[in-house]
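I set out below what I looked up in this structure, entry by entry. The sequence and the model come before the notes.

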Amino acid sequence: MSKEFTYPEPPMLSEGRIGEKMILNMGPSHPSTHGVLRLKLELDGDLILRCDPIIGQLHRGDEKIAENMTYNQFVPYTDRMDYLAPIANNVAFALCAEKLAGIEITERCKAIRVICCELSRITSHLVGISAYAMDAGSWTGFMYCYTQREKICTLFEELTGARLTTSYSRIGGLARDLPDGWLGNLNSFCNKFLPALDEIDKLITRNRIFVDRAAGIGIITPEQAMQWGLTGANLRASGVNTDLRKDVPYLGYENYDFDVVIGAGGDCYDRWLVRIEEMRQSVRIIRQAIEKMPDGPVNVANPLISLPPKDGVLRNMEDLINNFMVVTQGPDLPEGEAYFEAENPKGALGFYIISRGGGVPYRVRVRGPSFVSLSIAQELLPGHNISDIPVLLGSLDFVLGECDR
Amino acid sequence: MVTLCEITAGAAEASIWGVVGHVLLLFLFSFIAAMVVMTFAGLSVVAERKVCAFIQGRLGPNRTAIPIVAAIPLLGNFLKRNGLMQLLADALKFLFKEDPIPGHVNKFWYMAAPAMFLAPVLIVGAVIPFGVYWSDGSMHPIAVADFDLSIIFMLAISSLTVFGGLMAGWSSNSKLPYIAATRSGAQIISYELTMGITIVTLVIWAATMVENPLNIFEVAAAQSGLWFCITQPLGAFLFLVALFAETNRLPFDVSESEADLVSGVHTEYGSFKFGLFYVGEYGHMALASMLFVTLFLGAWYPFPGCEWPSDWGWISSVLSVFTFLVKVAFMIFFFIWMRWTLPRFRYDQVMRLGWSVLVPLGIANFVFYLVLISL
């Protein structure tokens with residue numbers, strides 16, 4: 001991620017006598033780098049003079065893979081991008097394809113997708129703050145968060161059959177409708193989650209040691225945040241009032257009552273506070289969605305896009321052929337291109353699809369928010385201590401699966 | 001003062017076999033004292049895992065079983081449930097793993113470091129009075145050694161542990177252990193100062209009560225009235241904080257903070273050498289608990305202003321040892337409790353806290369008691 005590419009690599013020791021400074025490689029397998037990130041650091045004692053994040057160890061070529069399969073077949077690959085919020089990725093990809101096809105999905109599908117997105121926001125933020133707390137030395141905060149996250153994973157398992165790799169969305173709808181009684185389980189989870197969140201809050205947020213570690217560290221000014229293209233909670237923590245759910249409402253977010261959480265100082269502590277409060281707002285949205293969950297089908301009634309009902313497949317020849325065509329050829333999307341950004345837990349996840357017609361995309365491009373969040377590290381880290389690295393990286397809350405794709 | 005060892009010394013004058021017996025007994029007593037510290041270290045490993053599981057709402061280790069032992073009806077299940085066999089399994093794992101020495105290390109110091117880290121703990125264990133017994137109408141410590149400068153000895157030997165960390169970090173010839181070694185060296189030396197000042201305050205306070213205030217047993221025995229944590233609350237607090245820093249426990253474990261330095265000075269170690277470090281850490285914690293109990297928490301006295309009556313004979317001795325061990329167990333629990341509650345300081349914050357808060361407070365405390373005594 002050097003600013004200009006030169007080969008061979010330039011010598012790292014920037015100035016002064018050689019031997020006074022030290023080059024330290026952190027990663028790719030290191031407990032604080034949240035995945036396979038490698039940081040090349042130039043140190044003067046404990047002070048970081050230069051930082052060079054080296055990414056790409058988890059590159060799998062997802063964008064190229066997408067060109068060789070149907071739209072629905074690519075949904076499982078989106079699970080593996082931001083693997084802490086898989087359903088939000090599924091939904092963002094489906095929304096982009098639907099924008100390309102000009103499909104208006106059903107109201108019930110929208111409400112279910114909102115619930116899924118907000119649940120995955122909670123899981124992602126829980127992992128984010130738990131890793132953050134652990135990096136600051138509080139293992140108990142980590143375990144408290146994971147206890148709650150496991151409960152959400154159980155809800156996901158009931159809904160989709162998988163705890164982590166959910167692959168729930170389909171173009172024009174969802175893989176399946178809600179199971180019986182699931183909304184009740186969800187509601188009782190919400191009721192228990194808020195006190196548990198308060199407990200996490202009490203354990204760490206006001207802890208003097210934690211405040212000392214996080215406050216005033218890694219300050220991102222609003223201008224800087226926008227220049228580096230930060231999105232999501234990291235941008236809002238810098239005091240920029242922006243949220244795609246409010247600014248460009250999708251999935252009917254305009255019908256839900258919630259607040260955009262913004263920070264004041266843009267330091268690590270603000271990023272912590274914003275994530276904690278966003279989880280409360282997500283619970284608010286989920287409760288409203290449970291309350292006005294519409295009835296009706298979850299998939300659009302378009303035989304070129306979505307699968308026919310299962311009992312029809314078992315009885316009618318036409319439905320069987322239709323099922324076969326949609327599964328093998330993929331949903332028939334028109335020619336054209338579309339870009340869609342969704343407000344994911346890590347930031348704005350954008351998909352850009354070019355279609356030449358048919359069920360396979362011609363080109364897919366992913367705008368990963370983690371990539372952008374990580375790129376500011378090289379500007380933030382110099383001037384801080386080695387011990388600040390875990391706190392800073394934890395507060396930026398990125399996922400290397402999405403960064404490298 | 002007469003200790004257990006000196007009782008046998010009389011026999012040494014009789015014959016050559018008396019001398020041999022005396023030396024053998026010395027070894028035996030040393031072995032027992034080392035075993036007590038080691039047992040506490042081992043048990044605190046188990047306690048750490050169980051207490052942290054309790055704090056975090058988990059179960060902790062409860063599956064490991066040794067085939068024949070686990071089949072014993074009640075005991076086997078008890079040991080299994082409480083993770084006590086996990087301890088043995090871990091120790092055996094450390095013993096039987098391959099022990100590679102990386103090619104880039106300085107072999108001599110690399111091998112010497114774990115021993116250097118563990119040995120001071122066991123040596124200092126010799127002066128800790130685990131309890132008392134009565135003989136010839138006076139009170140004697142149940143300790144391997146009882147001599148007049150035992151507090152100085154304790155401070156001197158326990159400072160040596162810093163060399164274990166420095167040697168390991170330097171000889172590993174690797175960057176993260178090196179950073180960890182410099183940090184731990186600076187931290188331990190800084191907090192040694194606070195520890196020294198609080199002990200000096202304690203000694204001058206004890207000097208008003210006993211004839212030999214540098215003897216750790218006499219200082220401990222001087223708490224038959226009020227314990228020193230009551231008469232010197234600030235000193236006790238500073239000593240406790242310094243102990244946390246000395247033992248590299250959270251919130252002061254900057255030198256092995258796994259978040260940024262992988263595993264601190266142990267990064268290049270594996271197998272039994274790592275096991276020695278591991279046991280050494282818990283040995284430090286157990287020893288620190290013993291020191292705090294001895295110096296500030298009334299040693300073997302059950303309650304402030306109350307002591308086990310001397311005319312109960314050996315029952316009182318047993319009770320005194322029991323009291324001491326219960327207090328030590330509580331202190332170990334306290335150490336663990338703190339670790340699983342608090343986040344970690346940053347290195348410069350630790351140093352700032354040490355030099356600009358604890359040392360001035362310690363000096364103020366010292367001056368306060370100096371004035372109080374001279375009045």
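**Entry 1: domains of chain B**

I noted that chain B is divided into domain 1 (35–60 + 102–374) and domain 2 (65–96); these bounds come from an automatic or database domain assignment. I record that this is a predicted model, in which local features need pLDDT of at least 70, side-chain atom pairs count only at pLDDT 80 or more, and totals for chains, interfaces and linings use all residues. Residues are numbered from 1 along each chain as its sequence is written, while chains are lettered from A and ligands numbered from 1 in the order in which they are written.

I looked up the separation of the domain centres, taken over C-alpha atoms, and found 29 Å between domain 1 of chain B and domain 2 of chain B. Ten residues of domain 1 of chain B are in contact with eight residues of domain 2 of chain B (contact: C-beta atoms, placed from the backbone, within 7 Å). On the domain 1 side, helix H2 (16–55) and helix H14 (271–295) of chain B are the elements that give two or more residues. H2(B) gives the most, with five residues. Helices here are DSSP runs of H or I with at least four residues, strands are runs of E with at least two, and both are numbered from the N terminus.

**Entry 2: chain A as a whole**

I found 17 helices and eight strands in chain A. Its C-alpha trace spans about 80 × 50 × 35 Å along the principal axes. Of its 405 residues, 50% count as buried, that is, with 20 or more other C-beta atoms, placed from the backbone, within 10 Å of their own.

**Entry 3: a sheet in chain A**

I then traced an open sheet of three strands, in the order S6-S7-S8 (chain A), with antiparallel pairing; two strands pair if DSSP finds at least two bridges between them. Strand S6 (333–344) and strand S8 (363–367) of chain A each have a single partner strand, so one side of each is left without a neighbour in the sheet. Eleven bridges join S6(A) to strand S7 (residues 347–358) of chain A. One pair that I looked up is Ala338(A) with its bridge partner Ile353(A) in S7(A).

**Entry 4: where the chains meet**

How many residues of chain A are in contact with chain B? I found 26, against 24 residues of chain B. Strand S1 (22–26), helix H5 (139–160), helix H7 (208–214) and helix H16 (388–396) of chain A each supply at least two residues of that side of chain A.

Conventions: Buried ≥ 20, exposed ≤ 12 C-beta atoms within 10 Å, placed from the backbone. Contact = placed C-beta atoms within 7 Å.
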